[in-house]
Amino acid sequence: MVLTPLSLASHSFVLAQPCSPEEVDKILAADPLEAKVLAGGTDLLVQIRGNAIAPETVVDLGQVPGLDGVVELQDGLVINAATTLRKLEEEATVGTRYQALIDAGRTVGSPQIQNVATLVGNACNASPAADTPVALLIFDATFTIRGVAGSRQVVATDFWIGPRRTCLQPGEWVAAVRLPRTADAMASSYLRVGRTRGVDLAIAGVACAITAGEIRIACTGVAPAPKRLTHVESVFAAGGLREPDWRSITAALNEEIDPITDIRGTNTYKRAVAAVCLKRAYAQTVTRIGRKNPNRQGGSDEL
Amino acid sequence: MNYDLSVNRHRYQVDAPASYSLLDVLREVLALVGTKYNCEQGECGACTVLLNGRAVNSCLVLAATAVGKEITTIEGAAESPFGPELMEAFTDRDAAQCGYCTPGMVMSGLSLLRDNPTPSRDEIRRAIGGNYCRCTGYFSIITAFEQASVKGGLK
């Protein structure tokens, strides 16, 4: 048996290291089908090695100033393209206001992956079972998309359009993602079940946020793309957040999701896992609401 | 491409194709063969090295993007904080059998202990979540990490 070396050494491409966002725009515009953006690289390099793609040019964002880091604004938070999941975890504001995003970042891959992978890259890779997109969905994130023709904003609910497909056109790239400021009392969680606690995607995962009688829910692993579950949200709200009517909520969940049967489980199994994740994410969020609002009786005024 | 890399506090001149991963350069160009090839998909952790003190899968880093960063491999572990203690603990606790996962495990350990010198067993488990071992069953590895931590030896 001949072992074919998988090493990247057997592939060949040019590594471009532009020094400004405008240069990135130009390089991508010059070769929109054969140039790929390198942020963290933990998905890109696997795809190149596995011969899923064979770009002629890889465009490294690492030398472009202003692409790394989190900027806090009056009305929200901007997370720039080259910000690693590790860096995000270290930002105090993210932990306070966007806890589900921290939860999600901490389940991606492994510590080694999180030290290199970026939030934006994880979103752009658009796996139907990815962790971070559902956190972005419950916070109504918007993506700042750049290209040589200019820049545009796209809301998270319009960003993921199918398995491994985003709304990005050839030559476009995401420069940042923006999260609107949350209510002070809002709490959130992300929770998933995978085949292992180590490196894996989600069998199903649920992001949940609650504030002032409002609940937001998004689910991954259950549809062609990570999905905001507006039907489940309205059934939840109709029944009241304090004592959820799980029967009708689960029925609504089953109407709104349709997981494929694949290596991670059958349609039936994934439905069951999604329901469990929803209950657990709700419970964890309620506990966090209580911790955030300790002066109120049982912390349940927020419900 | 021509560039300099700083590995274990030595400066090396590298001439390698743009597509070479850090793992390719370490082994094929610099002959630092302590770091291992295995899955090359960032799943097993056998290729783990430190980049600016933090554990990364060297198979998923393009070598040319590691310029200007401090790279530490298993060959540099003895000179790293917690390195001697961790390696002694691995010996004391029989934490290596075939040894293939060991360099990666040790590097993940150095990364953890640098950020958290008193980890709980659960925190240790999380820190090695990206390092596979087929021989030991992980228990002795976790105990070795615990011994090397500031909390110190066990009975």
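Modeller: Residues are numbered from 1 along each chain as written, with chains lettered from A and ligands numbered from 1 in written order. Because the model is predicted, local features need pLDDT of at least 70 and side-chain atom pairs 80 or more, while totals for chains, interfaces and linings use all residues, and side-chain values use heavy atoms, without hydrogens and water.

Colleague: What makes strand 6 and strand 10 of chain A a pair?

Modeller: Strands (E, at least two residues) are DSSP runs numbered from the N terminus, as are helices (H or I, at least four). Two strands pair if DSSP finds at least two bridges between them. Strand 6 (142–147) and strand 10 (173–180) of chain A have five bridges, in the antiparallel sense, so they meet that rule. One bridge joins A:Thr144 to A:Ala176.

Colleague: Why are helix 2 and helix 5 of chain B called oblique?

Modeller: Angles run from 0 to 180 degrees between N-to-C directions, with axes fitted to C-alpha atoms, for helices over the stretch in contact. Under 35 degrees is roughly parallel, over 145 roughly antiparallel, 65 to 115 roughly perpendicular, and the rest oblique. Helix 2 (83–92) and helix 5 (139–148) of chain B pack at about 135°, with axes 8 Å apart, and are therefore oblique.

Colleague: Which residues of helix 2 of chain B make the contact with helix 5 of chain B?

Modeller: Contact means heavy atoms within 4.5 Å. Helix 2 of chain B contributes B:Glu85, B:Leu86, B:Ala89, B:Phe90 and B:Asp92. Among the partners in helix 5 of chain B are B:Ile141 and B:Phe145.
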